[in-house]
Amino acid sequence: MEPRWKGKGFKAKALAEPMSKIVSQLQSSLIQSDAHGLLTGCTVLIAVKPEQTDLLDRACFGKRIVTAEKDNDWFQLGLEEAFYLCFSLKCLKVVGDDKCPKNDVELWQCMISRKPNFPDFYKAYSHLRMKNWVVKSGLNYGVDFVAYRHHPSLVHSEYAVLVLSEGEDEGNGRLRLWSDLHCTTRVSGSVVKTLLVLRITKNGNDVASPSCLEKYTVVERTIRKWHPEQCREDNMTGENRTKQQEALGKASLKTKFTQKHDVKLKPGLVGIERGIGLVSISLVFALISFIVSRWFWSN
Amino acid sequence: MEAVDWENSSGVSSDTEEYLQDTKYEDDEELHFTSGFISKLQFRKDKSRAHWINEMGMAEVVENKGKLWRTMGVVRSGKIYYSIEETLFLMEIGALLLLDDNGTSLSLNDIYAKVSGGSWELFEVYRHLKSLGYIVGRHGIAWSIKGAKSNCQSVSLQCSPQSSEVVNLESEDESSIVGSFNNMHINEARPVFDVYLPDSKFRKSSPGDPSFVICLTRGDLPSIADIEVLERQCGAIPLRFCHVEYGRVSFFSFNEEELPILP
């Protein structure tokens with residue numbers, strides 16, 4: 001599927017200012033201001049200056065909280081987003097109730113205590129973010145994440161992402177029944193996204209510290225519904241396509257009446273049989289018109 | 001002759017919306033395509049004749065009419081044999097007169113009764129794709145083998161033309177494919193059909209590589225491990241996993257696809 005840009009020139013705009021550059025600018029700005037976030041529940045709250053608000057928006061991290069405060073803008077970050085800024089980009093420090101910044105391992109364990117699947121989800125999130133895709137929550141679409149090629153204002157998201165942990169495809173997992181698959185592909189499909197399944201393998205590593213993350217592997221698989229009707233059309237040569245289109249044109253003109261008079265012609269006798277066929281069809285039409293006009297006049 | 005709307009018999013309804021030509025929406029399979037290129041297979045007047053061989057679970061062609069045989073049936077020592085799904089298909093469209101050992105003609109009822117175990121679902125998949133014009137053959141069974149023994153009870157099926165090993169057709173075909181299909185563990189996926197794009201130049205003597213291999217699971221979705229095994233088995237040929245329920249046949253692909261690294 002080709003990316004669906006939301007307007008003319010948006011593709012060029014995205015190329016002119018790649019996401020990697022925006023994220024990098026955000027990173028520098030947050031480091032400079034020694035940004036701190038507050039972990040509460042499954043959210044990290046962060047107060048930022050106006051220029052950082054702009055960068056957070058453009059890099060698609062977090063959600064702005066509208067407050068009456070004039071000096072600061074407040075943002076709320078999801079667990080994966082916050083951890084990415086903290087651990088991968090090293091531009092954010094996160095504090096808890098004790099007001100002390102947590103180190104990587106402490107923060108990692110906090111995240112896991114709030115979300116047991118956090119290691120796999122974070123691996124999936126960071127995997128895509130590091131490829132410079134924009135990753136947002138997929139809750140609206142019944143999936144884990146949605147991935148955009150650039151800012152959502154410029155482009156529609158292409159992928160609906162499901163995170164599959166180890167052992168999850170063996171029977172107790174997310175896509176277990178055929179109806180699960182039909183459901184997810186149908187929902188994704190109706191909003192024109194491809195279902196992307198990221199299978200995370202821990203390779204025997206534990207979850208004690210985030211340093212194990214680099215030893216996890218990610219395999220990307222797309223799950224698509226295959227339409228044999230479409231596929232056959234796509235693969236037809238130009239000549240065949242024209243022939244089929246002619247046939248289609250004729251077929252759409254056919255009425256139930258004329259179908260009965262379809263004569264299967266043998267190649268050798270085309271001339272004569274076609275002549276007879278044409279004559280009989282015109283006679284039939286003449287008959288119909290006669291009957292119809294009689295009915296019409298009698299009414 | 002009346003044209004038959006095979007879309008209806010395959011379970012896809014015809015009262016659908018217009019096909020959106022410029023956007024490929026991954027939408028309800030009932031949308032589009034019915035206003036597109038429907039393969040209108042017509043009921044045949046000229047029937048081919050075949051002899052149903054119970055021990056083999058196949059029909060041996062006695063007399064051929066029409067052109068369907070070019071993309072159906074396997075050739076063994078000059079004779080054509082139709083599998084149960086091919087036989088059923090031809091019987092349904094009235095293109096085949098099937099006779100038993102006594103020369104009595106078999107009805108559709110009789111042949112439906114011969115469908116065993118998981119064969120009905122196999123047949124539905126076969127019929128769905130065949131009606132769309134694809135060329136469909138059983139996976140792993142050669143379309144044509146020359147120079148084999150002419151004894152119909154032990155026609156070689158799996159061996160290459162060079163090998164002199166003779167394998168009983170029945171054990172190779174009916175039991176091994178359908179039988180092992182029935183013995184499969186739940187969730188084990190197996191390749192069942194090789195599918196070729198519609199092609200008037202198709203030749204059984206040199207079919208080439210199929211465009212797709214259709215896999216069927218016994219129960220629910222294939223596991224990723226299963227998919228990986230099948231991908232290794234089938235090499236570069238794309239796989240399509242098939243699900244049949246309530247007369248609806250749907251296909252999915254589970255391709256490995258790496259997202260590009262963006263600028």
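The model is predicted, so to speak of local features takes pLDDT of at least 70 and side-chain atom pairs count only at pLDDT 80 or more, while totals for chains, interfaces and linings use all residues. Residues are numbered from 1 along each chain as its sequence is written, chains are lettered from A in the order in which they are written, and side-chain values use heavy atoms, leaving out hydrogens and water.

Let's start with the sheet. Chain B has an open sheet of seven strands with mixed pairing, in the order β6-β5-β1-β2-β4-β3-β8 (strands are DSSP runs of E, at least two residues, numbered from the N terminus; two of them pair if DSSP finds at least two bridges between them). β6 (105-106) and β8 (144-145) of chain B sit at the edges with a single partner strand each, so one side of each has no neighbour in the sheet. Inside chain B, β3 (residues 74-76) and β4 (residues 79-82) pair in the antiparallel sense over three bridges, and B:V74 stands opposite B:Y81 in β4(B).

Now for the domains. An automatic or database assignment sets the bounds: chain B splits into domain 1 (45-115) and domain 2 (117-145 + 186-254).

What holds charge against charge here? The side chains of B:R127 and B:E92 meet in a salt bridge, 2.9 Å from N to O (a Lys or Arg side-chain nitrogen within 4 Å of an Asp or Glu carboxyl oxygen).

Notes:
Helices (H or I, at least four residues) and strands (E, at least two) are DSSP runs, numbered from the N terminus.
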